[in-house]
Amino acid sequence: MMKLLLRINLVLFFFQRMTLVAVSQQAIQVTTVAPGVKKLTCGIPEQFSPYSFCSTKPMTDAMAKLPAGKLPFNTDEIKITASDRGIVVEIPLTDEEQLYGFGLQMGSFNQKGLRKKPIVNDNPSHNLGYTHAPEPFYISNKGYGILVNTSHYTTFYCGSTAKNTGIVKLKDAKDGNSVEELYKNESRASGYVAVDVPGVKGVEVYVFEGPQMLEVLQRYNLFSGGGALPALWGLGVKYRVKGNFNQQQVGKMADYFRANKIPCDVLGLEPKWQTTAYSCSYVWNKDFFPSHDKFIDTMKTKGYHINLWEHAFVNPKSPLYPALKDKSGNYLVWNGLVPDFVDSSASKLFADYHKQTFVQKGISGFKMDECDNSNLTMGDATWSFPEHSRFPSGINGEQMHQVFGIVYQKAIYSIYKALNTRTYLDVRASNAFASSYPASLYSDTYDHHQYIQMISNAGFSGLLWSPEVRESRSVADLLRRSQTAVLSAQTLYNSWYLQNPPWLQIDIEKNNKDQLMENAKSVEAAVRKLLDFRMSLVPYLYNAFADYHNKGVPPFRALVVDYPEDAKVFNIDDEYMIGQGILAAPLTEDMEERKVYLPAGNWYDFNTQKKYVGGKAYTVKIGLTDLPVFIKEGTILPLAEPVDHIGPDTRFELTCQVYGERAEPASLFEDDGVSFNFEKGNFNLLTLNYTKGKGSVKRAGGFKGNRYKVKKWIVIN
């Protein structure tokens with residue numbers, strides 16, 4: 001009898017297992033949702049997925065112009081299985097593939113062989129995947145990308161697991177059993193990436209085709225609505241003043257920049273501008289800013305834009321509190337409401353207040369802080385709302401944490417979009433399909449190598465990253481960090497706890513006692529030189545951002561994106577491309593020289609004009625006031641005469657540096673720089689050509705203004 005029961009149970013087990021697999025595979029629907037983008041749907045997909053919050057339509061016309069891609073596998077080879085735990089997705093993976101992405105990753109670059117948990121957190125956890133901007137999206141150097149459309153805490157096993165297939169593989173005894181050998185990480189060539197999505201009844205998987213990595217990212221960014229095109233002034237320099245500065249002190253700092261001819265476009269105000277900050281009142285503190293409207297106007301006449309720090313947790317004293325009380329979660333943060341931004345009515349209340357109180361009075365942007373999560377790796381980090389929180393819209397705390405940065409950005413950005421006014425925001429959390437938001441991420445972490453690595457990683461996921469400069473251990477540290485900031489999406493100095501600019505005194509205590517360094521003026525001159533280069537680069541950067549918007553090309557991207565077949569770049573995380581022709585290779589404090597790998601082609605050292613043959617690594621010395629960049633042969637690099645800020649009528653006087661004898665045509669994007677009128681065709685494209693020893697400029701488009709004037713051509717052979 002027992003044998004009979006056992007036999008029946010075994011039959012039932014295998015029948016159930018076969019039924020489960022069959023139902024899962026039969027339920028998979030494959031649809032083409034945009035050129036080169038397929039969606040696999042299985043079961044009942046979750047309501048609050050990342051793509052459900054993407055309100056911008058795919059730029060399908062631009063996507064259709066990309067070359068057709070071919071996946072290295074068939075979509076029917078992607079397996080989706082369900083259980084009482086949730087969903088597991090398995091995507092084919094070859095031994096030779098390299099994997100990248102998962103959002104703004106810290107501590108890892110090439111993700112092949114790792115277990116990744118892209119979960120929002122205010123601090124990284126080694127290379128596990130916790131980060132400010134996690135994304136359930138990875139890209140392969142074989143020319144495809146995979147996005148699992150979930151806001152649940154998810155785990156990706158990137159070729160790091162070995163299934164029990166019944167095939168026994170015996171290791172040779174000489175392999176040994178040391179602790180190091182037993183526990184070392186290695187890609188197990190499992191043949192697939194396994195994605196564990198607990199607690200769901202179905203899933204959507206987006207597959208982005210190439211044919212190469214660059215086209216995959218173009219499709220992803222264009223599918224997200226196109227890359228962000230910030231206000232032109234946002235590509236200048238941003239400086240955040242000390243947190244307790246009053247109106248007079250901010251004005252004094254503004255005068256310091258202009259008097260010393262140090263470029264600055266944006267002044268950021270930190271917590272004391274409002275009456276309560278933790279949680280927020282969103283009410284001007286009249287003790288510190290008694291005439292705030294006049295202050296904003298005065299700063300505007302001096303060429304400054306004002307950016308306000310805040311977070312989304314609403315203090316009981318805030319005018320927003322009564323209206324949002326029933327449109328918030330069931331837990332508080334710092335005794336403040338957590339608005340349910342998933343509910344459009346709550347989002348509109350928050351946005352309308354900001355529009356009337358701040359934006360229409362001249363505030364050009366916001367720093368959206370604390371929208372990630374308290375550190376999940378520490379038991380005593382408990383400031384944020386718990387994962388079991390509930391919100392009126394029906395979203396839970398876990399999901400809300402994953403998308404909170406996105407829906408917060410969406411609320412604030414909607415104000416500027418409706419007013420036909422562009423901005424450049426700061427945000428501490430984001431997620432998938434965020435390419436169209438003009439918001440740069442930042443972090444309270446401060447490891448310089450990680451900051452450089454995050455520039456490369458951000459480009460894999462439609463994100464922008466600000467490697468901000470705060471305190472420094474030495475003058476060399478300050479200047480190396482400044483070089484990196486200049487060569488990033490946003491050049492930002494954050495002095496929220498410093499009385500004086502960090503280049504006048506690197507010691508925090510002495511800085512706040514107004515005890516400046518003896519060599520403060522020489523260090524100031526060094527910083528000025530670096531920031532002048534940033535301003536010279538603005539036209540080139542602006543065109544790179546226009547390509548990001550119109551074509552989906554990340555303005556900052558790892559070398560592997562442009563050279564996916566070059567094995568020597570697979571693990572290079574501290575070099576990256578800027579636009580089409582600049583390779584950046586930043587240095588950290590302890591480096592007087594560094595090894596730089598230059599891919600195929602010829603390259604020129606920007607500082608010495610020395611020519612290098614590509615496909616090789618070189619050891620190069622870069623001075624503290626030089627720029628660690630190399631220019632690709634064939635590039636026409638337009639450099640502007642530096643200005644101390646970018647105004648509505650700023651006209652850039654350009655020197656075009658031509659690298660090599662056969663220069664490729666270059667472009668410049670020209671518009672008013674502050675509105676969305678370019679979306680209606682109100683822009684120009686300038687084509688720069690250099691042939692037969694002569695340069696030429698061709699301007700075409702519907703913009704009546706003129707922002708660029710080429711004054712000189714210089715050939716560098």
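Me: Arginine 557, buried or exposed?
Reply: Arginine 557 counts as buried, at 0% relative accessibility. Buried here is under 20% relative accessible area, exposed is over 50%, and partly exposed is in between, with a 1.4 Å probe and protein chains only.

Me: What should I know about the model before going on?
Reply: The model is predicted: local features need pLDDT of at least 70, side-chain atom pairs count only at pLDDT 80 or more, and totals for chains, interfaces and linings use all residues. Residues are numbered from 1 along each chain as its sequence is written, and side-chain values use heavy atoms, with hydrogens and water left out.

Me: Back to arginine 557. Which residue does it form a salt bridge with?
Reply: Aspartate 562, with the closest N and O atoms 2.7 Å apart. A salt bridge needs a side-chain nitrogen of Lys or Arg within 4 Å of a carboxyl oxygen of Asp or Glu. Aspartate 562 is partly exposed, at 25% relative accessibility.

Me: Which residues do salt bridges with shared partners join into one network?
Reply: Lys238, Arg240, Glu270, Lys367 and Asp426.

Me: How many salt bridges does the structure hold?
Reply: It holds 29. One of them links lysine 39 to glutamate 204, at 3.6 Å between the closest N and O atoms. Lysine 39 lies in strand E2 (residues 37-44) and glutamate 204 in strand E11 (residues 201-209), so this pair ties together parts that are 165 residues apart in sequence. Helices (H or I, at least four residues) and strands (E, at least two) are DSSP runs, numbered from the N terminus.

Me: And lysine 39 and glutamate 204, buried or exposed?
Reply: Lysine 39 is buried, as is glutamate 204.

Me: What about arginine 481, which side chain does it meet in a salt bridge?
Reply: Aspartate 477, at 3.1 Å from N to O. The two are 4 residues apart in helix H11 (residues 475-486), so about one helical turn separates arginine 481 from aspartate 477. Arginine 481 is buried, with a relative accessible area of 3%, and aspartate 477 is buried at 2%.

Me: Switching to rings. How many aromatic pairs does a search of the whole structure find?
Reply: It finds 62. Rings of Phe, Tyr and Trp (its six-membered ring) pair if their centres lie within 6.5 Å; planes under 30 degrees apart count as stacked, over 60 as edge-to-face and the rest as tilted.

Me: Where do phenylalanine 137 and tyrosine 220 lie?
Reply: Phenylalanine 137 is in strand E7 (residues 134-140) and tyrosine 220 is in helix H4 (residues 213-223), so the pair ties together parts 83 residues apart in sequence. Phenylalanine 137 is buried at 0% relative accessible area, and tyrosine 220 is buried at 0%.

Me: What about phenylalanine 669 and phenylalanine 683, how far apart centre to centre?
Reply: They are 5.2 Å apart, with 25 degrees between the planes, and form a stacked pair. Phenylalanine 669 lies in strand E30 (residues 666-670) and phenylalanine 683 in the loop between E30 and strand E31 (684-691), so the pair ties together parts 14 residues apart in sequence. Phenylalanine 669 is buried at 2% relative accessible area, whereas phenylalanine 683 is partly exposed at 25%.

Me: Which ring does the charged end of lysine 367 sit over?
Reply: The ring of tyrosine 442, at 4.9 Å from its centre. The criterion is NZ of Lys or CZ of Arg within 6 Å of the ring centre and within 35 degrees of the ring normal. Lysine 417 lies over the face of phenylalanine 676, at 4.0 Å from the ring centre.

Me: Zooming out, how many helices and strands does the chain have?
Reply: The chain has 14 helices and 33 strands. Of its 717 residues, 60% count as buried. The C-alpha trace spans about 95 × 65 × 55 Å along its principal axes.

Me: Of contacts between residues at least 6 apart in sequence, what share joins residues at least 24 apart?
Reply: The share is 71%, where contact means heavy atoms within 4.5 Å.

Me: Last one. Where is serine 160?
Reply: Serine 160 is in the loop between strand E9 (155-158) and helix H3 (179-183). Serine 160 is buried, with a relative accessible area of 12%.
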